[in-house]
Protein chains: 4
Amino acid sequence: MTTIGFIGLGIMGSPMSGHLVAAGHAVRGFDLNADSVAKLVAAGGTAAGGVADAVAGADVVITMLPDHPQVEDVVLGDGGVLELAAPGTLLVDMSTIRPETSVAVAEAAASKGIRVLDAPVSGGEAGARQASLSIMVGGEEADFAAARPLLDVVGKTVVHVGPHGAGQVVKAANQLMVGGIYALVAEAIVLLEASGVDAKAGLDVLAGGLAANRILDLKRETMIAREFAPGFRIDLHHKDMGIALAAARQADVALPVTGLIAQLIAAGRARGYGSLDHSALLKVIENLSGRA
Amino acid sequence: MTTIGFIGLGIMGSPMSGHLVAAGHAVRGFDLNADSVAKLVAAGGTAAGGVADAVAGADVVITMLPDHPQVEDVVLGDGGVLELAAPGTLLVDMSTIRPETSVAVAEAAASKGIRVLDAPVSGGEAGARQASLSIMVGGEEADFAAARPLLDVVGKTVVHVGPHGAGQVVKAANQLMVGGIYALVAEAIVLLEASGVDAKAGLDVLAGGLAANRILDLKRETMIAREFAPGFRIDLHHKDMGIALAAARQADVALPVTGLIAQLIAAGRARGYGSLDHSALLKVIENLSGRA
Amino acid sequence: MTTIGFIGLGIMGSPMSGHLVAAGHAVRGFDLNADSVAKLVAAGGTAAGGVADAVAGADVVITMLPDHPQVEDVVLGDGGVLELAAPGTLLVDMSTIRPETSVAVAEAAASKGIRVLDAPVSGGEAGARQASLSIMVGGEEADFAAARPLLDVVGKTVVHVGPHGAGQVVKAANQLMVGGIYALVAEAIVLLEASGVDAKAGLDVLAGGLAANRILDLKRETMIAREFAPGFRIDLHHKDMGIALAAARQADVALPVTGLIAQLIAAGRARGYGSLDHSALLKVIENLSGRA
Amino acid sequence: MTTIGFIGLGIMGSPMSGHLVAAGHAVRGFDLNADSVAKLVAAGGTAAGGVADAVAGADVVITMLPDHPQVEDVVLGDGGVLELAAPGTLLVDMSTIRPETSVAVAEAAASKGIRVLDAPVSGGEAGARQASLSIMVGGEEADFAAARPLLDVVGKTVVHVGPHGAGQVVKAANQLMVGGIYALVAEAIVLLEASGVDAKAGLDVLAGGLAANRILDLKRETMIAREFAPGFRIDLHHKDMGIALAAARQADVALPVTGLIAQLIAAGRARGYGSLDHSALLKVIENLSGRA
């Protein structure tokens, strides 16, 4: 049994912390939303009144926060995790943020004797509920080994991909590829439909050849039917494309396709599709040609 | 047994005509390259001295030509298929060309009482040799039914996708998607490597999630190893992106990602990678960042 | 006085042929539209009943046609200019077409002893009426010298830019730059307005610095006011972007920005703005963000 | 005479502060680089030992800093301008930073009774030396009126463009347009040269028509000659494209061309051209086609 301080009990953090309780760990959870904390308590966890309370006595601190400003505040800020956690504590930040922030957190933590992993996830709310997340982990090998039993509780694919920040880079690569494939499927659908071709039949052929991909498998029917209930929201993908471009800037590389895809996803948000599934990128592409 | 005139015995047409001979059909083949004709004869086919000779007495004429100018010449030109073939002949054009040319061929053929299908393939040289091509067919349902037994000899996935030109549109959609996914995989690799992340480990994670696709499955190891033996050459993909953009223009739609991908593939050709596999798009992307 | 056969008396050709008549030349004009021919006759020209009639006895033949299929038909086709014109005739093709067609025309003409220049224009209908066109000429220096007096009648800037096809390449470069600057002005306006900044004040500053350009000078007020009466229509710019990309393909170069701009202009046409001024690219950009 | 605290005496701040001294103002300058401070003293200014010293007794504080982290540190941080300046002080931030930081500074300043303008400049080092900068100012009208006499000392075009942050937005719009026009000129040059057309003659024609722009006027000869001494460095333009995209994100708009241009400029930096003039974007475009 590990004593875990869990900070951030939102859509993702709530089921994840619940799985850790169910696996027999002592989980002390904190969230600004009292209902989320109450839910954890109902599941067998303990309420923490704040960061200090969550961190006190924890072997492992897990953070699952919306973006880098929250991580900077909760981890690096006054009264934050690095100030309050005991030396030797292992901090597993599962938020999706810029790699450079993960590196900065690791450097700041090192000076306090605190160990850190960046461990963003993919798989969305469904993956969190089903404990089937993919988890991409950056940091020291030994720390990965230490965290692995806990990560295995919430994830199905758990991989150590490199040094501090590497988990975030892999997540960024994942998101640019997913966003790009959605755009390509959207362009294919628009071309097929505008040409008077049965899109379903056409995409069936594509799904059987070199163009085959999971998005085509999972989403082509809902896309053709224009059903865009989330799933993973455009707003979140917009945030993630910002991270991908920040990662590219940090790595000093140019990613022209990613640069364009980021703007198309931004268009989705600007057009008011932010709460729809990211497959609603189709609406952006068809609007561009006046077809919706 | 069907009497088939087969025009165009190149890398694709040669094994395809061989399979038709092996399946018991009478194949009279013509190609400007005498060696190709000799190869067909050795396999049990008959040599045709020209288009007239190939077409004479044929129930079905199959054309497998490089691009639309050759189709216009061989099919529509003086001494071409439409001039020489008997009314009732079924012309199956398996070349990858612009949809508008396929439509023009069909219209011209109708006035002569000749039936036409556009039936481009994907799967490349390997698919042709293994008779495992995907074949996307546009034209009349009855003509598709008539051609199907022959198409099944050379293909594994044979789908009727719509009216004249529809086969070409689906092929165009396939090629834009394949080109785009290569670009995305390339950008992911460049980002991972430049960030100091193990690209193999990173792509393994991606291949297990929503970003999963066949190109990642088949090519990620050779791409990371920078092995670019074809496979399907950049030069051919460059031609096909031109078709995709022509199809978009014809359908009056805008495809921004496809427009950019077409230029990146053009860059591959301009940089001298035309004879390499299309996965060499990675070289374009890494050169852009001065990494190769 | 020169005897001129003028083929193509449309929006551009009509005022141009009129200027040549006014300058004292014998102009025999042909157009499929009888009204256009009547207009030339009223201005002092002669009606030609067809290509043969226009070409007979002409020292110089000028063609001003919509696109390359018309040039191929009128110049290269059966009963076309090259078949009917006397050796030594100078053909000045002022149509905007693909460079490769201009080169093909020049090669075909050479075998007949006919001299050719490609001489596309910019400046639009207003430039044609005011005889202030820019004319970019490709071909032999001596032929340029021979044509110059006539070109000076209709143009203000008349430049010999290189061998056959070079005029078309320069025109293509002009159109890609004009299309691109419109897109940039559009993005600037959308950014300013969406940020709550006075677009007029903002663009005034831009027009005074390194970003200064003629489009900003001439069009910023109408663009901010959303007045899009042509001017030069999106449909024509769409055609010209196709030529620019064909020229790039021919020259074996990749033009990524041009590739994207071409799709944005295609979007303008697809959205139904084809008859508006090309400054209506602003509507495409603002629609992308749901702002119109 | 106004007492001015001037923080940031770099390439831009040094000549600007010198002009203010020459105009009769009492300038107390601070910079981490002692040589820069010594230069101001030699010109008749006063050395400030730190932010506190520069701010003490100043009517106006001018900051000219590299990017938003420095502004956040110097202005918002502990021992920063907002902590130390007297209520009623006017802070003129002439740094080029994200609009959102300018807004955040203004909000924080308001709570201390400090007035703020964002007043980024364009015109580069030459403009700073010649006191001919364009200055785009965001903030209250009254504060603009108060600052104007000082801004007129260093600038030629000084315009109030809107509320807090508006100056930064206009600067962002300027930089995206300048970057984009460079890319278009580069694509035109590559197309002309690869087509065997004299680029000089071709661009001369373009400079006389609708494509005319200041970059073509000032830089076409050096670009054709491949002379890329700065001028304004690619590294700085790379930073500014990041600001432009951040501004777009803040304003909730999609800028597809800007998104692509940003990656092409990033490629310039990644390829090692960061210290060259931004016209070296030509090297990126020609490298893409293997022409350099």
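Predicted model: local features only at pLDDT ≥ 70, side-chain atom pairs only at ≥ 80, totals over all residues.

Chain A has a mean pLDDT of 97, and 100% of its residues reach 70 or more. For the complex, the predictor gives an ipTM of 0.95 and a pTM of 0.96.

The secondary structure of chain A consists of 14 helices and nine strands. Its radius of gyration is 20 Å, close to the 19 Å that the globule rule gives for 292 residues, so chain A is as compact as a globular protein of that length. The C-alpha trace of chain A spans about 65 × 45 × 35 Å along its principal axes. Of the 292 residues in this chain, 63% are buried. The accessible surface of chain A comes to about 9,500 Å², and carbon and sulfur atoms account for 52% of that surface.

An unreviewed UniProt entry carries the annotation "domain: 6-phosphogluconate dehydrogenase NADP-binding" for residues 3–162 of chain A. This span is 43% helix and 25% strand, and its end C-alpha atoms lie 26 Å apart.

The second annotation concerns a single residue. Under "active site", UniProt lists Lys171(A), again in an unreviewed entry. Lys171(A) is placed in helix H9 of chain A, which comprises residues 166–194. Is this residue, Lys171(A), buried or exposed? Its relative accessible area is 6%, and because buried means under 20% relative accessible area, Lys171(A) counts as buried. When neighbours within four places in sequence are left aside, Lys171(A) is in contact with Thr96(A), Pro120(A), Val121(A), Ser122(A), Met136(A) and Asp240(A).

A helix of chain B provides a further example of burial. Helix H1 of chain B covers residues 13–22, and seven of its ten residues are buried, so this helix is largely enclosed by the rest of the structure. Which residues of H1(B) are buried? They are Gly13(B), Ser14(B), Pro15(B), Met16(B), Ser17(B), Leu20(B) and Val21(B). After H1(B) comes Gly24(B), whose phi is positive, near 100°.

It remains to consider how the copies are arranged. Two copies of a chain are related by a rotation about an axis and a shift along it. The same surface serves both copies, as 98% of the contact residues of chain B recur in chain A.

Chains D and B form another pair for comparison. Chain D can be laid on chain B by a turn of 180° and a shift of 0.0 Å along the axis, with an RMSD of 0.0 Å. In chain D, the C-alpha nearest that axis belongs to Leu288(D), at 3.3 Å from it.

Conventions
Residues numbered from 1 in each chain as written. Chains lettered and ligands numbered in written order. Heavy atoms only, no water. Contact = heavy atoms within 4.5 Å. pLDDT = per-residue confidence, 0-100. Least-squares fit on C-alpha atoms with pLDDT ≥ 70 in both. Helix = DSSP H or I, 4+ residues; strand = E, 2+ residues; numbered from the N terminus. Rg over C-alpha atoms; globule rule 2.2 N^0.38 Å. Buried < 20%, exposed > 50% of the residue type's maximum accessible area, 1.4 Å probe, protein only. Areas by Shrake-Rupley, 256 points an atom, 1.4 Å probe, with all protein chains shown as cover. UniProt positions renumbered as here; feature names shortened; annotations may be inferred.
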